[in-house]
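This report describes selected residues of one protein model. Please read it alongside the sequence and the 3D view.

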Amino acid sequence: GADESAFMVADAGEGLSIPVLGPALARLSDKIPPARPGDRSERFIPPVALPTGLPGRHYFLVQTPLDAGVLDPDDRAACQAAYDGVKAAVEDGVRWLRRAREGDPW
C-alpha cells in the first residue's frame, strides 16, 4: 500500500520538535485553514517522510455521493435501499479498479 512507498522519519508531533524544520512546519500549518471554521485548536502537521524508491501505483475511484440527509432514519425500507445501492456501487467500483490494475502496462 501507500505506507510502503515512504519511510516515516517523524510523525506530526515529532516533526515539530526537529530544529529548523519544526518552526517551518508550524508556519506551514498556520497557513492551512482549519477543518472546523473558527477552531484553531487542531492543526494539520504533515509527517516527515522519505521515498523508498519509485512510488507504487494506487488506484482510486470517486463515486456519486449519497445525500443521506434526505433519508428518513425511521423508513427501514428506504435506508435498506440506500445501503444496497451504496454496497453495489462499491463492489462495482472495486471490480472496475481491479480490471484497470490488471490492464495497466506499468
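Is Val20 buried or exposed? Val20 is exposed, with a relative accessible area of 72%; exposed means over 50%, buried under 20%, and partly exposed in between (1.4 Å probe, protein chains only).

## Basis of the model

This is a predicted model, in which local features need pLDDT of at least 70 and side-chain atom pairs count only at pLDDT 80 or more, while totals for chains, interfaces and linings use all residues. Residues are numbered from 1 along each chain as its sequence is written, and side-chain values use heavy atoms, with hydrogens and water left out.

## Val20

Val20 sits in the loop that runs between helix H1 (12-16) and helix H2 (21-31). Helices (H or I, at least four residues) and strands (E, at least two) are DSSP runs, numbered from the N terminus. The phi angle of Val20 is near 70°, a positive value in a residue other than glycine.

Val90 is partly exposed at 48% relative accessibility, and Val86 is partly exposed at 38%.

Between Val86 and Glu4 there are 30 Å in space, C-alpha to C-alpha, and the two are 82 residues apart in sequence.

## Ser5

Ser5 belongs to the segment before strand S1 (6-10). With a relative accessibility of 16%, Ser5 counts as buried. Leaving aside residues up to four places away in sequence, Ser5 touches Leu50, Pro51, Thr52, Pro55, Gly56 and His58; contact means heavy atoms within 4.5 Å.
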